[in-house]
Amino acid sequence: MTAAAVSADAPAKLNLFLHVAGRRPDGYHLLDSLVAFTETGDRIIAEPANSLRLSVTGPFAGALRGEADNLVLRAARLLGEEADRRPDVALTLEKNLPVAAGIGGGSADAAATLRALIRLWGLEMPADRLAELGLRLGADVPACLLGRPCRLKGIGEQLDPLPALPALPVLLVNPGVPLSTPDVFRARTGDFGAAAPVILPEDPAALLDVLRAQRNDLTEAARTLVPQIGRVLDRLQALPGCLLARLSGSGPTCFALMRDAASVKAGADLLQAAEPGRWVCATRLRQA
């Protein structure tokens, strides 16, 4: 990275709960979710160049190799239009998160691109205008721009920032099968649920009690499309030290909130040995 370059983290997003509360006439679903982020994620590096270009590195670079366009490039072009300037920048995406995984990878990458270019170009932009731009890129981008725990409602445009959550250890497991979010919503059946009347306590034990009373309304639809999700959830729930296991977003990534650092490491080692083809990551909830 050159002296003129800037970088921005793109942390993985978790839906600690996700309720589908309704659907708009245009087909978009209305959500009620508690969003948090982890210390694991992708990374964007931006530096001046003669044209817009993108290189992808990292363990999941191959999944994006055939793409002619993606959210990172679209974010750069959109911000260039907003700032009335050519987006002449060399972008590097360090892709550490699996693709189409339900943990906001592409949205987090787009948000990190916007943050990096704002710094690189010395722009000043009100937070509400930046969120509007993010929503044009995707429903999860505003939350990823915020980058801290929040209550998400509507289609993703209504965000209520929350105090920092406890830095609980988290075990992430992806079965290695990409899953399309629109496909999961199309597969979902049943009535819509009411928004959760949740006041989040600061005490970790009380917080976990609240979270256990909630749900992810996309779990059954995701399991229908990717049956391996059920096996992952069963394995996570059986781990010593597992406090809560749940699907994140539309999946297929599942997470477990763990009791302590020892239990999350032991759980990661156990799952990696039992099923070496899966992506397993031991991390923590991000405090920002």
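Helix H8 (residues 228–238) has five residues to look at first: Ile229, Gly230, Val232, Leu233 and Leu236 are its buried ones, where buried means under 20% relative accessible area, exposed over 50% and partly exposed in between (1.4 Å probe, protein chains only). Looking down the axis of H8, these buried residues sit within an arc of 160 degrees, so they line one face of the helix; the arc is that of the directions from the helix axis to the C-beta atoms. All of this comes from a predicted model, in which local features need pLDDT of at least 70, side-chain atom pairs count only at pLDDT 80 or more, and totals for chains, interfaces and linings use all residues. Residues are numbered from 1 along each chain as its sequence is written, and side-chain values use heavy atoms, with hydrogens and water left out.

**Helix H8 and its surroundings**

- The buried residues of H8 pack against strand S7 (169–174), helix H7 (219–225), S8, strand S9 (254–258) and helix H9 (261–274), with contact meaning heavy atoms within 4.5 Å.
- Helices (H or I, at least four residues) and strands (E, at least two) are DSSP runs, numbered from the N terminus.
- As background, an α-helix has 3.6 residues a turn, so residues three or four places apart point the same way.
- UniProt, in an unreviewed entry, puts "domain: GHMP kinase C-terminal" at residues 213–266; its positions are given in the numbering used here, feature names are shortened, and annotations may be inferred rather than shown by experiment.
- That span, residues 213–266, is 44% helix and 20% strand, and its end C-alpha atoms lie 27 Å apart.

**Confidence**

- The protein averages a pLDDT of 92, and 97% of the residues score at least 70; pLDDT is the predictor's confidence in each residue, from 0 to 100.
- Confidence is lowest in helix H6 (residues 204–212), with a mean of 87, and highest in strand S8 (residues 242–247), at 98.

**The annotated binding site**

- The unreviewed UniProt entry lists a "binding site" at Pro98, Val99, Ala100, Ala101, Gly102, Ile103, Gly104, Gly105, Gly106, Ser107 and Ala108.
- From this set, Pro98, Val99, Ala100, Ala101, Gly102, Ile103, Gly104, Gly105, Gly106 and Ser107 are in the lining of the largest pocket.
- Here is how pockets are found: on a 1 Å grid over the protein atoms alone, a pocket is an open set of points with protein on both sides within 12 Å along at least five of seven lines, whereas a cavity is a set of points where a 1.4 Å probe fits but cannot get out; lining residues have an atom within 4 Å of a point.
- Gly104 is in the loop between strand S4 (89–94) and helix H2 (105–121), and is buried at a relative accessible area of 10%.
- Not counting residues up to four places away in sequence, Gly104 touches Lys13 and Cys144.
- Gly106 belongs to helix H2 and is partly exposed, with a relative accessible area of 31%.
- Leaving aside neighbours within four places in sequence, Gly106 is in contact with Leu71 and Lys95.

**The aromatic pair**

- Searching the whole structure turns up 1 aromatic pair; rings of Phe, Tyr and Trp (its six-membered ring) pair if their centres lie within 6.5 Å, and planes under 30 degrees apart count as stacked, over 60 as edge-to-face and the rest as tilted.
- Phe60 and Trp279 have ring centres 6.3 Å apart and planes at 80 degrees, so the pair is edge-to-face.
- Phe60 is in the loop between strand S3 (53–57) and helix H1 (71–83) and Trp279 in strand S10 (residues 279–284), so the pair ties together parts 219 residues apart in sequence.
- Phe60 is partly exposed, with a relative accessible area of 22%, while Trp279 counts as buried at 16% relative accessibility.

- For context, most residues other than glycine have a negative phi, and most peptide bonds are trans.
- The Gly251 to Pro252 peptide bond is cis, with omega near 10 degrees, and Pro252 lies in the loop between S8 and S9.
- Asp84, though not a glycine, has a positive phi of about 55 degrees; Asp84 is in the loop between H1 and S4 and counts as exposed at 72% relative accessibility.
- Ala100 also has a positive phi of about 55 degrees without being a glycine, and is partly exposed, with a relative accessible area of 35%.
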